[in-house]
Amino acid sequence: MLYDVVKFAAAPLTHAMCRPHISGAVHVPRSGPAILAVNHLSVLDSFLLPALLPRHVTFTAKNEYFDGNPVSGFFMRLGGSLPIDRESAHAAQTMLDAAAELLERGELFGIHPEGTRSPDGRLYRGKIGVAWLALKTGAPVLPVALSGTDKVMPLGAKVPRPARIGIAIGEPLRFTGDHTKAQDRRRVTDEIMAAIQKLSGQEYVPAYASSVKAAGGVS
């Protein structure tokens with residue numbers, strides 16, 4: 001109920017501040033499970049998208065979003081995001097198991113396959129958790145491309161600022177394969193990232209964003 005109250009209050013504010021252009025909303029199912037695989041440009045991505053879609057969407061968010069910036073922590077908690085410790089493989093699997101339960105209950109789950117914000121606006125190689133979920137649960141994957149959200153909450157900003165954003169939602173993708181096989185997980189993840197890139201028009205980088213950030217000293 002808290003989510004619905006916050007959404008009721010946040011939606012008009014988000015529309016006024018971000019003047020969103022949304023395409024492909026028809027692809028979001030009115031009921032039943034689906035995975036929203038979304039590019040990642042801003043700390044507020046996992047708040048803005050749920051605020052603008054009609055159905056409840058649960059996202060993952062790194063622990064630092066909850067404990068670092070109090071503004072982002074406030075939004076993450078209100079949005080019901082699942083925290084994840086990116087340094088712990090066990091924690092990541094626990095999060096994926098929780099996400100699978102949500103999908104099995106017929107809910108929508110949002111995930112940023114890149115695992116972290118893009119350091120430069122380009123699209124980076126996806127991590128295989130999204131494929132594990134798709135193959136494990138059989139839920140369709142909706143590729144989603146955000147644009148302009150890095151203008152709403154630029155890196156280092158303390159509070160959001162007005163800026164127009166775009167949301168492009170692609171047709172649902174369904175995959176076959178074995179979720180326990182690394183080859184199948186990699187193949188599916190790469191196909192999902194290709195679909196996101198087609199929607200976003202971003203330059204694709206065949207490396208993990210986390211590795212690029214570590215090499216450049218970017219958080």
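Predicted model: local features only at pLDDT ≥ 70, side-chain atom pairs only at ≥ 80, totals over all residues.
| Helix pair | Axes come within | Crossing angle |
|---|---|---|
| α5 (residues 89-104) and α6 (residues 129-137) | 10 Å | roughly 40 degrees |
| α6 and α8 (residues 182-200) | 8 Å | roughly 105 degrees |

With the axes of α5 and α6 crossing at roughly 40 degrees, these two helices are therefore oblique to each other, and the crossing in which α5 passes α6 is right-handed. On the α5 side the contact is made by Gln93, Leu96, Asp97, Ala99, Ala100 and Leu103, which meet Gly129, Trp132, Leu133 and Thr137 of α6. Sorted by class, the residues of this contact of α5 with α6 comprise six nonpolar, three polar and one charged.

The second pair has another geometry: at roughly 105 degrees between the axes, α6 and α8 are therefore roughly perpendicular to each other. Here Val130, Ala131, Trp132 and Leu135 represent α6, and the residues that they meet in α8 are Asp184, Arg185, Val188, Thr189 and Ile192. The contact of α6 with α8 divides into six nonpolar residues, one polar residue and two charged residues.

**Aromatic rings**

A search of the whole structure for aromatic pairs returns zero. A charged side chain does, however, sit over a ring: Lys127 lies over the face of Tyr208, at 5.8 Å from the ring centre, which falls inside the cut-off of 6 Å used for a charge over a ring.

Conventions:
Residues numbered from 1 in each chain as written. Heavy atoms only, no water. Phe/Tyr/Trp six-rings, centres within 6.5 Å; stacked < 30°, edge-to-face > 60°. Lys NZ or Arg CZ within 6 Å of the ring centre and 35° of its normal. Axes fitted to C-alpha atoms, helices over the stretch in contact; angles between N-to-C directions. Helix = DSSP H or I, 4+ residues; strand = E, 2+ residues; numbered from the N terminus. Parallel < 35°, antiparallel > 145°, perpendicular 65-115°, else oblique. Left-handed = near helix turned anticlockwise from the far one by under 90°. Contact = heavy atoms within 4.5 Å. Nonpolar A, V, L, I, M, F, W, Y, C, P; charged D, E, K, R; others polar.
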